[in-house]
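Here are my notes on the model you asked me to look over. Have it open while you read.

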Amino acid sequence: MAHANLNLDGLTPRDHAFYGLVWAGTTLTARVDQALTRRHDLPLSWFEVMLWLSVQQEPVAPSELGARTLLSRSQVSRVADSLQARGLVERIPSPTDARSVGIALTEAGRRTYAEADATRREALAEVFDDLLDDADIAALEAVWAKLKARPKG
């Protein structure tokens, strides 16, 4: 069989842009997940929960994490169980609702998050940070803001 010259020249600019988003997301996610898992035994889904928790001043309800992350509420609960088993998060009873709990990073969780975040940055350096200047980052931020602002439904 002859070697085919594969290309995407027939795609519209919008289709090419969409495929580019899918490719970038898949490629960068796999790279970060592999680095985090190899170095910290910390899957990207766990890191994502820790990222959200790292910038909160108060414990966060699992339902709120589910609404903000790429995880469902049940996935957030499973991730929180795993993180708690490793001493990285704690569940704190809600002061206003005896049936509810919030999740917060422990001190060990904050240290682990900081180490894992350094690994994430290192994994992305040559394939993201070193390639994109401030204008590129601003353009991406504008695109993400538009895509996230769309009405749910």
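The points below go through the core, a helix pair, a proline and some salt bridges.

1. Ground rules. This is a predicted model, in which local features need pLDDT of at least 70 and side-chain atom pairs count only at pLDDT 80 or more, while totals for chains, interfaces and linings use all residues. Residues are numbered from 1 along each chain as its sequence is written, and side-chain values use heavy atoms, with hydrogens and water left out.

2. The core. The largest nonpolar core has 22 residues, and those with the most contacts inside it are Leu42, Val49, Met50, Leu53, Leu65 and Leu83. By nonpolar core I mean buried Ala, Val, Leu, Ile, Met, Phe, Trp, Tyr and Cys residues joined through side-chain atoms within 4.5 Å. Buried is under 20% relative accessible area, exposed is over 50%, and partly exposed is in between (1.4 Å probe, protein chains only). At least two residues of this core come from each of helix H1 (13–40), helix H2 (44–54), helix H4 (73–85), strand E2 (101–105) and helix H5 (107–129). H2 gives the largest share, five residues. Helices (H or I, at least four residues) and strands (E, at least two) are DSSP runs, numbered from the N terminus. As background, nonpolar side chains tend to be buried together in soluble globular proteins.

3. Leu42. What does Leu42 touch, not counting residues up to four places away in sequence? Its partners are Leu36, Thr37, Phe47, Met50, Leu83, Arg86 and Ala116. Contact here means heavy atoms within 4.5 Å.

4. H2 against H4. The axes of these two helices come within 10 Å and cross at roughly 85 degrees, so H2 and H4 are roughly perpendicular to each other. Axes are lines fitted to C-alpha atoms, for helices over the stretch in contact, with angles from 0 to 180 degrees between N-to-C directions. Under 35 degrees counts as roughly parallel, over 145 as roughly antiparallel, 65 to 115 as roughly perpendicular, and the rest as oblique. On the H2 side, Ser45, Trp46, Val49 and Met50 meet Val79, Ser82 and Leu83 in H4. By class, that contact has five nonpolar, two polar and no charged residues.

5. Pro62. Have a look at this one, in helix H3 (residues 62–68). Pro62 is buried, with a relative accessible area of 11%. Leaving aside neighbours within four places in sequence, Pro62 is in contact with Arg73, Val76, Ser77, Val101 and Ile103.

6. Salt bridges. The count comes to six, taking a side-chain nitrogen of Lys or Arg within 4 Å of a carboxyl oxygen of Asp or Glu. One of them pairs Glu122 with Arg39, the closest N and O atoms being 3.0 Å apart. Glu122 lies in helix H5 and Arg39 in helix H1, so the pair ties together parts that are 83 residues apart in sequence. Arg39 is partly exposed at 47% relative accessibility.

7. Within H5. Asp117 and Arg121 both lie in this helix, four residues apart, about one turn. Their salt bridge has its closest N and O atoms 3.1 Å apart. Asp117 is buried at 10% relative accessible area, whereas Arg121 is partly exposed at 48%. A network of salt bridges links Asp117, Arg120 and Arg121.

Key:
Nonpolar A, V, L, I, M, F, W, Y, C, P; charged D, E, K, R; others polar.
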